[in-house]
Amino acid sequence: MIYTKQAITLEDQINILKQRGLILDDEDETLNVLGHISYFRLAGYWRPLEQDKQRHIFKPNSHFSTVVSLYRFDTELRMLIFSAIQQIEIAVRTKMIQHVALKHGPFWFMDTALASNSGIHAFCLNNLKQELSRSSDEFIKEHFRKYSSPSFPPVWKTLEVASMGTLSKLYNNLNDFKVRKRIAHDFNLPEHQCMGSWLRSLTVVRNACAHHARLWNAHISITPQTSVKMRGTWINDLQFPQDKLYPQLCCIAYWLNSIDSNNHFTSDVKALLAKYPMADVRAMGFTANWKAEPLWK
């Protein structure tokens, strides 16, 4: 089928929503919102209000103001999660620098003998080379002005410009399992496979936050390992959808507790949910008694 639809005005967009049964409490405000947030970005937030998802007919008493509230909830949720993952990312960089460099030297990430997969190793080096070339950090510029060999700065400089995705690949591709397990234990995680799984899944969530993707009711393609016995305070009920946000939030909360026991992540999540009661926690995969879980008390 050839796509033939043409662009339409904001007024036409409003008329379509009204014809489909969405109640607009303030048409001027609706016009203003659609002028700053695109129709199809908002569509992901009014879809739960549709009773006919083929013809996009809304359920009775569906309001545009609810759509905007869900959008704002998701925006604040992403900001909260992104800030938390930043703390985790910085801590992972630090632990990898400390543990692996002490055993394998400042250029261990260049050593193919320490890589389980040579293709992933080459991919990581290429990513690091690009990150270094783009970096405007003075410590990177100063290093290249002063040193010509090796071709990379030492790990304590190089990993500071690495993306979380590259960090995840470097950790999961390191074939020294004892060092990987030591790093996992520093985060109160039981084994390196568990940490590797959490890193991969949180990278997906981090990228969704960075690209302003809808998160609250999204399907998350890479899921964290949650069924292993944890070393610290965890959750008891593991009967939840693995591809929803709730298990990711649990992993973030647990990880932050290992970094800073005085963090406010769980209370901030609960406060945000209380602020936006229209946000259905079931769409995020929360269990019925999640507030009673040891991790969330």
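The structure is a predicted model, and a search through the whole of it finds 13 salt bridges. Here is a short tour of some of them.

**The aspartate 176–lysine 103 pair**
- Aspartate 176 counts as buried because its relative accessibility is 9%, under the 20% limit.
- Lysine 103, at 45% relative accessibility, counts as partly exposed.

**The lysine 275–glutamate 76 pair**
- A salt bridge also brings together the side chains of lysine 275 and glutamate 76, at 3.1 Å from N to O.
- Distant parts of the chain are linked here too: lysine 275 sits in helix H12 (residues 265-275) and glutamate 76 in helix H4 (residues 64-104), 199 residues apart.
- Glutamate 76 has a relative accessible area of 26%, so this residue is partly exposed.

**The arginine 145–glutamate 138 pair**
- Arginine 145 and glutamate 138 form a salt bridge whose closest N and O atoms are 2.6 Å apart.
- Arginine 145 counts as exposed because its relative accessibility is 58%, over the 50% limit.
- Glutamate 138 is partly exposed, with a relative accessible area of 46%.

Terms used
Residues numbered from 1 in each chain as written. Predicted model: local features only at pLDDT ≥ 70, side-chain atom pairs only at ≥ 80, totals over all residues. Heavy atoms only, no water. Salt bridge = Lys/Arg side-chain N within 4 Å of Asp/Glu carboxyl O. Helix = DSSP H or I, 4+ residues; strand = E, 2+ residues; numbered from the N terminus. Buried < 20%, exposed > 50% of the residue type's maximum accessible area, 1.4 Å probe, protein only.
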